[in-house]
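Here is a short report on one protein structure. Keep the 3D view open as you read.

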Amino acid sequence: MTHRLRSVGLEYAETAPVRLVFVAEISAAPEAVFEALADVEGWPRWYRQVTGARPTDGGKGREIRLKGGTLFHETVMAADPHERYAYRVDETNAPGLRALLEEWTLRPSGGGTVVRYVFALDGTALLRGAVRVLRPGLRRAFHQAVRTLDRRLAAA
């Protein structure tokens, strides 16, 4: 059963009660990284926790399935070529969530890219505490995904 989350804007990446921010530098150019982020169906090939992904609403939305059965219906909030890709979760089957926005920003660095990821959420006190405890695992998942993406882009 899914439930509807609070609608938030892009500013939520800076104002959410819980914000996890992870940064990595990779060798791929911002153009290539952005194209991979915008290719919704490609996410399961480089982000291990994503088992299914498809665009919805003519590309304005996304449906994402994670390992363990979590489902997200999302709205793409920003798709600024070579700079930013952000989406808000509108509905989910994950208990305790009230609002969730994820933002990926890209900055050129030499021949590569600095990737900054913000995981911004609100939820029940139990969920907020759990996310803080799970921070190291979420950091590992981010770094693993970005490394895998960089290898895929280098091989292409």
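Glu91 is partly exposed, with a relative accessible area of 26%. That value falls between the cut-offs of 20% for buried and 50% for exposed. Keep in mind that the model is predicted.

Glu91 has a partner. Its side chain meets that of Arg4 in a salt bridge, at 3.4 Å from N to O. Glu91 lies in strand β6 (residues 84–92) and Arg4 in strand β1 (residues 3–4), so the pair ties together parts that are 87 residues apart in sequence. Arg4 is exposed, with a relative accessible area of 59%.

## Other salt bridges

How many salt bridges does the count come to? The count is eleven. Arg19 and Glu14 form one of them, with their closest N and O atoms 3.2 Å apart. Arg19 is partly exposed at 27% relative accessible area. Glu14 is also partly exposed, at 47% relative accessibility.

Now find Glu63. This residue forms a salt bridge with Arg54, and the closest N and O atoms are 3.3 Å apart. Is Glu63 buried or exposed? Its relative accessibility is 14%, which is under the 20% cut-off, so Glu63 counts as buried. Arg54 has 40% relative accessibility and counts as partly exposed. Salt bridges can also join up: Arg6, Asp122 and Arg128 are linked in a network of them.

## The largest pocket

Next comes the largest pocket. Its volume is about 730 Å³. How many residues line it? The lining has 28 residues. Leu66, Thr70, Phe72, Phe119 and Leu138 lie nearest the centre of the pocket.

Several elements contribute to this lining. The strands β4 (61–66), β5 (71–80), β7 (97–109) and β8 (112–123) each supply at least two residues. So do the helices α4 (125–133) and α5 (135–155). Which element gives the largest share? That is α5, with four residues. What kinds of residue make up the lining? There are 21 nonpolar, three polar and four charged residues.

Val133, Leu134 and Leu138 make a nonpolar surface patch of about 280 Å². Leu138 is also among the residues that lie nearest the centre of the largest pocket.

Val133 lies in helix α4. Is it buried or exposed? Val133 has 65% relative accessibility, which is over the 50% cut-off, so it counts as exposed.

Leu101 is buried, with a relative accessible area of 0%. Ala120 is 19 residues away from Leu101 along the chain, yet their C-alpha atoms are separated by 5.2 Å.

Arg98 is partly exposed, with a relative accessible area of 39%.

## Two positive phi angles

Last, look at the backbone. Which residue has a phi near 50°? That is Asp57, where the value is positive in a residue other than glycine. Asp57 is found in the loop between β3 (50–56) and β4. Asp57 is exposed, with a relative accessible area of 59%.

His82 also has a positive phi, near 70°, and it too is a residue other than glycine. Where is His82 found? His82 is in the loop between β5 and β6. His82 is partly exposed, with a relative accessible area of 31%.

Methods: Residues are numbered from 1 along each chain as its sequence is written. This is a predicted model: local features need pLDDT of at least 70, side-chain atom pairs count only at pLDDT 80 or more; totals for chains, interfaces and linings use all residues. Side-chain values use heavy atoms; hydrogens and water are left out. On a 1 Å grid over the protein atoms alone, a cavity is a set of points where a 1.4 Å probe fits but cannot get out, and a pocket is an open set with protein on both sides within 12 Å along at least five of seven lines; lining residues have an atom within 4 Å of a point. Grid points are joined across faces, edges and corners, and a volume is the space filled by probe spheres set on the points. Ala, Val, Leu, Ile, Met, Phe, Trp, Tyr, Cys and Pro count as nonpolar, Asp, Glu, Lys and Arg as charged, and the others, Gly among them, as polar. Patches are made of residues with over 30% relative accessible area and no salt bridge: like charges are joined within 9 Å, nonpolar side chains (Val, Leu, Ile, Met, Phe, Trp, Tyr) within 5 Å. Accessible areas come from the Shrake-Rupley method with a 1.4 Å probe; for residues, only the protein chains shown count as cover. A salt bridge is a side-chain nitrogen of Lys or Arg within 4 Å of a carboxyl oxygen of Asp or Glu. Buried means under 20% relative accessible area, exposed over 50%, partly exposed in between (1.4 Å probe, protein chains only).
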